[in-house]
Amino acid sequence: MIMKKTVAKRIRVAGDIESDHDLMSVYRESGFADNIREVIKINRPLKIIETGTYLGMGTTTVIASSLKEFNIEEALFYSIEINPDFYKQATHNLSENGLIEYVQLLRGVSVPRKLLPGREEIEKMCVTDIEFNDIFIDHKEDERVELYYRETNFSDAPDDLLLRCLKEFDFKPDFVLLDSAGHMGCIEFDYLIKHLKGDCFIALDDIYHIKHHRSFLKIKEDPRFTILAASKEKFGFCIAGFTF
């Protein structure tokens, strides 16, 4: 029996990149922010969903401030965050900046809890069997599994909030931005796509990162998508139109 040799992948740890900004947050003066503003300005979306609020100072602020600037007062914007401390800080930050009325923050898991990877699965896809070469990944190898696992290990949090939001929009949102934990990007992407029943814009942060690289490849291979913007800025971003 011939044993398959495991070839180590070339990866880059996100935290090793020198930056003046929080690597978990999208800087508000960036190409990604500019493209989000442009999509909102031109298309005036009324049904908006975001996952991964974090502290509310990145894309959450970009979307909320765009709704305010362009007078899209009838829009309903949901942003989902699982970490209770981040949720509280985001509520405070958005309130301080006069934007809380433009976003409804939801605390919980975006997908069904049964879809969240356990430690063994995280170790396989993020340490021992990384799928791609030359992509970014979070955390040093010896702490990666535990830190990724902790990001979504909140047993008290309600789950499947993405489906709850989609149901409210009759599964026809206008704009969806996916930016949850690095180890569950494609899980969230696949869950969204299988439930969509209408055309919409989809934005992905970190397309050259383990979070959404596979999601980005799926977008490029799927004729239902038209890529409107894609960049290697920071860890990459993409905005695409989805046709149902």
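Rings of Phe, Tyr and Trp, the last taken by its six-membered ring, pair if their centres lie within 6.5 Å. In this predicted model, Phe 189, Phe 225 and Phe 242 form one aromatic cluster. The structure holds 7 aromatic pairs.

Two pairs illustrate the geometry. A pair of aromatic rings is described by the distance of the centres and the angle of the planes. Tyr 54 and Phe 86 form an edge-to-face pair, at 4.9 Å centre to centre and with 90° between the planes. Tyr 54 lies in the loop between strand E2 (47–51) and helix H2 (59–69), and Phe 86 lies in helix H3 (residues 84–96), so the pair ties together parts that are 32 residues apart in sequence. Tyr 54 counts as buried because its relative accessibility is 14%, under the 20% limit. Phe 86 has 23% relative accessibility and therefore counts as partly exposed.

Phe 136 and Phe 235 form a tilted pair. Their centres are 4.7 Å apart, with 55° between the planes. Phe 136 sits in strand E5, and Phe 235 in the loop between strand E8 (225–231) and strand E9 (237–242). This pair links distant parts of the chain, 99 residues apart. Both Phe 136 and Phe 235 are buried.

Charged contacts were examined next. Side chains of opposite charge can pair when their charged atoms come close. A search of the whole structure finds 9 salt bridges. One of them joins Arg 214 to Glu 131, with the closest N and O atoms 2.3 Å apart. Arg 214 belongs to helix H8 (residues 213–221), while Glu 131 lies in the loop between H4 and strand E5 (135–137). These residues are 83 residues apart, and the bridge links distant parts of the chain. Arg 214 is partly exposed, at 30% relative accessibility. Glu 131 is also partly exposed, at 44%.

Asp 206 forms a salt bridge with Lys 211. The closest N and O atoms are 3.0 Å apart. Asp 206 counts as buried, at 6% relative accessibility. Lys 211 is buried as well, with a relative accessible area of 8%.

A further bridge connects Arg 224 and Asp 222, the closest N and O atoms being 2.7 Å apart. Arg 224 is partly exposed, at 35% relative accessibility. Asp 222 is buried, at 17%. Elsewhere, Arg 119, Glu 146 and Arg 150 are linked in a network of salt bridges.

Glu 120, Glu 123, Glu 141, Asp 142 and Glu 143 gather in a patch of negative charge on the surface. Helix H4 (119–128) and helix H5 (141–152) are the elements that give two or more residues to this patch. H5 gives the most, with 3 residues. Glu 120 has its place in helix H4. The relative accessible area of Glu 120 is 72%, so Glu 120 is exposed. Membership of a patch requires over 30% relative accessible area and no salt bridge. Glu 120 is among the members, and its 72% therefore lies over that limit.

Technical notes
Residues numbered from 1 in each chain as written. Predicted model: local features only at pLDDT ≥ 70, side-chain atom pairs only at ≥ 80, totals over all residues. Heavy atoms only, no water. Patch = residues over 30% accessible without salt bridge, like charges linked within 9 Å, V, L, I, M, F, W, Y side chains within 5 Å. Areas by Shrake-Rupley, 256 points an atom, 1.4 Å probe, with all protein chains shown as cover. Salt bridge = Lys/Arg side-chain N within 4 Å of Asp/Glu carboxyl O. Lys, Arg positive; Asp, Glu negative; His and termini not counted. Charge placed at Lys NZ, Arg CZ, Asp CG, Glu CD. Helix = DSSP H or I, 4+ residues; strand = E, 2+ residues; numbered from the N terminus. Buried < 20%, exposed > 50% of the residue type's maximum accessible area, 1.4 Å probe, protein only. Phe/Tyr/Trp six-rings, centres within 6.5 Å; stacked < 30°, edge-to-face > 60°.
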